[in-house]
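Hello,

Here is the structure I promised to pass on. Please have a look, and then read my notes below.

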Amino acid sequence: MNDLIPTNEEVKAIEIMAKQAVESKYVEKLGGYAGVFSIAMYARELKIPIMSALFGGMANIMGKITIAPQLMNAMIRKAGHKLKIDSNDQRCIIEGTRKDTGEVCMVSFSLEDARKAGLIKPNGGWEKYPSDMCFARALSRLARRLFPDVIGMAYVEGEIDDEPEKESKEEVETIEEVVKESTHEDQRVEFKSRFKDIENMDYDLNDFLKITSENSKKSQEDVIRQALKHADKFSKSYLKWTEEMTEEATKKNLELKQAVLV
């Protein structure tokens, strides 16, 4: 009746696949049986082969689904849409064309964009594989704007910062440190909840938080405390920033189109 709702037989089959995948120990980072099962069900909704999703194609990072750029690329092309890619170590430009409507959209993502967003870290992926990283971000941006029916609410792999600070194994945590860390986590949860209604899919709160922290030379926790204390002021600053970023992206797209026509 509705192919979005799996039949009992499909649920049983996915349960068996999830159980066997967990027992294989090759998908430990997906969060055990519950995590594997949820990803498998999400893959089904997006018409992605479940094993492709489980073994490197998809992940659940802080409650948000991410898709490997190779898989996202394949999903878009399999749906019949076209991609024209121009990429190097400094930037990636992708022009997409929808099969059904003929609608065209061109986006770009550059090393400079990554630098402004505070994404580049010593010995990180942006330094080692700049071309691949620019491609992944440009593809994700294009997919959200032109092919949301293909990728759903997913992000591209690596787009969500899922690496919390690692503590030294030799360091013994005191009760005060545990309480402090717990407080910071609670504030981050409150921060995401408080401003989720105005969050822009292309320029999310984490990017703005990092930039504000760097520009003010304050810790992210201090910025979060100030944002929660002066929510209206923070909201206006964030919305102004996203507007400026959008205008800049539009300007770049126009320049790119003019360059292509020349």
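An open sheet is built from three strands in the order β3-β4-β5, with antiparallel pairing. Its edge strands are β3 (82-87) and β5 (104-110), each pairing on one side only. Neighbouring strands are turned by 15° against each other on average, direction ignored.

This is a predicted model: local features need pLDDT of at least 70, side-chain atom pairs count only at pLDDT 80 or more, and totals for chains, interfaces and linings use all residues. Residues are numbered from 1 along each chain as its sequence is written, and side-chain values use heavy atoms, leaving out hydrogens and water.

Helices (H or I, at least four residues) and strands (E, at least two) are DSSP runs, numbered from the N terminus. Two strands pair if DSSP finds at least two bridges between them.

β3 and β4 (residues 91-97) pair over six bridges, in the antiparallel sense. L83 has G96 in β4 as its bridge partner. Helix α7 (residues 130-146) packs on the sheet and touches β3, β4 and β5. Contact means heavy atoms within 4.5 Å. The direction of α7 makes about 145° with that of β5. Axes are lines fitted to C-alpha atoms, for helices over the stretch in contact; angles run from 0 to 180 degrees between N-to-C directions.

I14, M17, A21 and S24 in α1 meet I50, M51, L54 and F55 in α3.

Last, α10 (residues 205-216). Buried here (under 20% relative accessible area, 1.4 Å probe, protein chains only) are residues including L205, F208 and I211. Just after α10, K217 takes a positive phi of about 60°.

Best wishes

Definitions and conventions
Buried means under 20% relative accessible area, exposed over 50%, partly exposed in between (1.4 Å probe, protein chains only).
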